[in-house]
Amino acid sequence: MALTAQNHQELARLLDQARLEAREVPPLTRTHAELPLRDAYAIQAEGIQLRTARGERVIGMKMGLTSEAKRKQMNLDSPVYGVLTDKMQVPAGGVFRLQGFIHPKIEPEIAFRTSRELRGKISREEALDACSSAMVAMEILDSRYVDFKYFSLPDVVADNSSSSMFVLGTTERPPRELELAKLPMSMEVNGVQVQSALSSAISGDPLLSVVQLCELLAERGESLPAGSIVLAGAATVAHMMKPGDQVRLTVEGLGSVSVSVA
Ligand code: OOG
């Protein structure tokens with residue numbers, strides 16, 4: 001049976017409550033075996049509405065499952081997007097408190113800032129023109145689902161693609177000045193490297209995540225507004241954190257960003 005707008009709202013509220021109470025819930029597909037992606041994005045959008053109604057402001061989008069390492073880890077096969085709000089941002093060098101989250105993990109990423117609206121099928125060149133800067137970024141994922149693992153693509157999408165928090169570096173460089181697909185990335189915890197990759201691990205070229213995002217948005221009749229932050233997706237698998245950890249990501253050409261875990 002097709003889901004109604006009321007079903008979308010109910011499921012969005014369930015996930016929203018789980019997030020606010022840091023409580024795990026079973027994947028939605030346990031009770032709604034047939035959950036088309038279209039409905040999953042509608043549930044995601046309802047969840048964001050609940051947040052903006054409480055005063056959060058949408059500031060960008062995240063892409064997920066854009067690297068082979070992540071798709072393998074999660075056993076899911078295609079990229080997805082989620083929405084970022086101002087409340088999700090941890091300042092560069094700031095503190096991330098584990099309390100209030102379920103099972104957060106951190107990932108190395110690259111982010112872009114757009115200077116004009118992007119809509120529909122665009123070329124890499126158009127994405128390059130529209131991105132005024134690139135930054136080093138880390139995303140802190142959290143899943144509202146039990147154990148963070150047994151879920152399908154629509155489950156992840158409905159849960160805002162496991163989005164939770166993110167941190168952006170303070171150095172912003174025009175993407176044209178960088179060899180975007182060839183940047184070495186290294187994530188360290190307390191000075192010890194825990195993950196490393198070349199930026200090509202992200203969609204073959206992180207800018208292509210922006211191209212893919214626009215295509216996915218177009219399927220829902222939406223566009224990427226000017227002034228958006230776009231997280232291009234993780235280059236490697238995610239890393240668990242513990243109190244006292246100092247996590248730092250360095251991307252050649254973009255500098256470093258760090259976060260302290262409490
Ligand atoms: C899905 C979201 C993955 C990424 O950067 O690949 C993601 C998940 O791992 O729960 O955000």
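The model on screen is a predicted one. Leu 65 sits in the loop that connects strand 1 (58–64) with helix 3 (68–74), and its phi is near 60°, a positive value in a residue that is not glycine.

For a second residue with a positive phi, select Ser 203, a residue other than glycine whose phi is near 60°. Ser 203 belongs to the loop between strand 9 (192–198) and helix 6, and with a relative accessible area of 19% Ser 203 is buried.

Colouring by burial will pick out Pro 206, Leu 207, Ser 209, Val 210, Val 211, Leu 213, Cys 214, Leu 216 and Leu 217, the buried residues of helix 6. After helix 6 comes Gly 221, where phi is positive, near 75°.

Next, turn to a pair of helices. Two packed helices are described by the angle between their axes and by the distance between those axes. Show helix 1 (residues 5–20) together with helix 2 (residues 37–53): their axes come within 8 Å and cross at roughly 55°, which makes helix 1 oblique to helix 2. The crossing of helix 1 past helix 2 is right-handed. To display the contact, select His 8, Gln 9, Leu 11, Ala 12, Arg 13, Leu 15, Asp 16 and Arg 19 on helix 1, and on helix 2 select Asp 39, Ala 42, Ile 43, Glu 46, Gly 47, Leu 50 and Arg 51. Sorted by class, this contact between helix 1 and helix 2 holds six nonpolar, three polar and six charged residues.

The last stop is Val 261, in strand 13 (residues 255–261). Val 261 counts as buried, since its relative accessibility is 5%. If neighbours within four places in sequence are left aside, the residues in contact with Val 261 are Phe 96, Leu 98, Met 241, Lys 242, Pro 243, Gly 244, Asp 245 and Val 247. Finally, draw a distance from Val 261 to Tyr 41: the two are 220 residues apart in sequence, and their C-alpha atoms lie 31 Å apart in space.

Conventions
Residues numbered from 1 in each chain as written. Predicted model: local features only at pLDDT ≥ 70, side-chain atom pairs only at ≥ 80, totals over all residues. Heavy atoms only, no water. Axes fitted to C-alpha atoms, helices over the stretch in contact; angles between N-to-C directions. Helix = DSSP H or I, 4+ residues; strand = E, 2+ residues; numbered from the N terminus. Parallel < 35°, antiparallel > 145°, perpendicular 65-115°, else oblique. Left-handed = near helix turned anticlockwise from the far one by under 90°. Contact = heavy atoms within 4.5 Å. Nonpolar A, V, L, I, M, F, W, Y, C, P; charged D, E, K, R; others polar. Buried < 20%, exposed > 50% of the residue type's maximum accessible area, 1.4 Å probe, protein only.
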